[in-house]
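Work through the exercises below with the structure in view, and try each task before reading its solution.

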Amino acid sequence: MMAYANTFAGYYMMCTSAHTMEHTMGSFHENLVHGAGLIMIAHSYYDFFAEKKASEENMIKMAKAMGVENATSGKDFIKALDQLIEDVGCADLKMSDAGITKEELKSYPTKVHEVLGGDITADPLTLSDEDYLTIFENAWR
């Protein structure tokens, strides 16, 4: 069952823009550790969908799986995600510490379509280049 779970998680991960967005970051900063980049954008990325209630039921299920007993919204998942990131000692990861400047973020959205073929078929909503830029900018610190 663990192998199945890992396979499905890998498939899903490769078909969401979060993964492609991080690879875009890495294409500009070759020393950026992939997992660190994913953590840097995680809150902003998932909060974008939580704000729009785009995957509300799934986010509530994830919040419950992460220990939130009375989860009622996607925001409960965001809180659980932030707590997990803090618990594993990664809350201090910042794009600016990786050399990413706020100015360069403007060039990222068009690159999302090029990196990994731009496979974003599992996103709960279709994102525009403006949406990508909003997510990147909200994640930057």
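**Exercise 1.** At what angle do H3 and helix H5 (residues 74-87) pack, and how far apart are their axes?

Solution. This is a predicted model, in which local features need pLDDT of at least 70, side-chain atom pairs count only at pLDDT 80 or more, and totals for chains, interfaces and linings use all residues. Residues are numbered from 1 along each chain as its sequence is written, and side-chain values use heavy atoms, with hydrogens and water left out.

Step 1: the two helices pack at an angle of about 170°, and their axes are 9 Å apart. Step 2: H3 is therefore roughly antiparallel to H5, a term for angles over 145 degrees. Step 3: in contact, meaning heavy atoms within 4.5 Å, residues of H3 including Ile39, His43 and Tyr46 meet residues of H5 including Phe77, Ile78 and Leu81.

**Exercise 2.** Describe how helix H3 (residues 34-51) crosses helix H7 (residues 129-139).

Solution. Step 1: their axes come within 8 Å and cross at roughly 130°. Step 3: among the residues making the contact are Met40 and Phe48 of H3, together with Ile135 and Phe136 of H7.

**Exercise 3.** Where does Lys53 lie, and is Lys53 buried or exposed?

Solution. Step 1: Lys53 is found in the loop between H3 and helix H4 (56-65). Step 2: its relative accessible area is 55%, so Lys53 is exposed, where exposed means over 50% and buried under 20% (1.4 Å probe, protein chains only). Step 3: the phi of Lys53 is near 50°, a positive value in a residue other than glycine. Most residues other than glycine have a negative phi.

Methods:
Axes fitted to C-alpha atoms, helices over the stretch in contact; angles between N-to-C directions. Helix = DSSP H or I, 4+ residues; strand = E, 2+ residues; numbered from the N terminus. Parallel < 35°, antiparallel > 145°, perpendicular 65-115°, else oblique.
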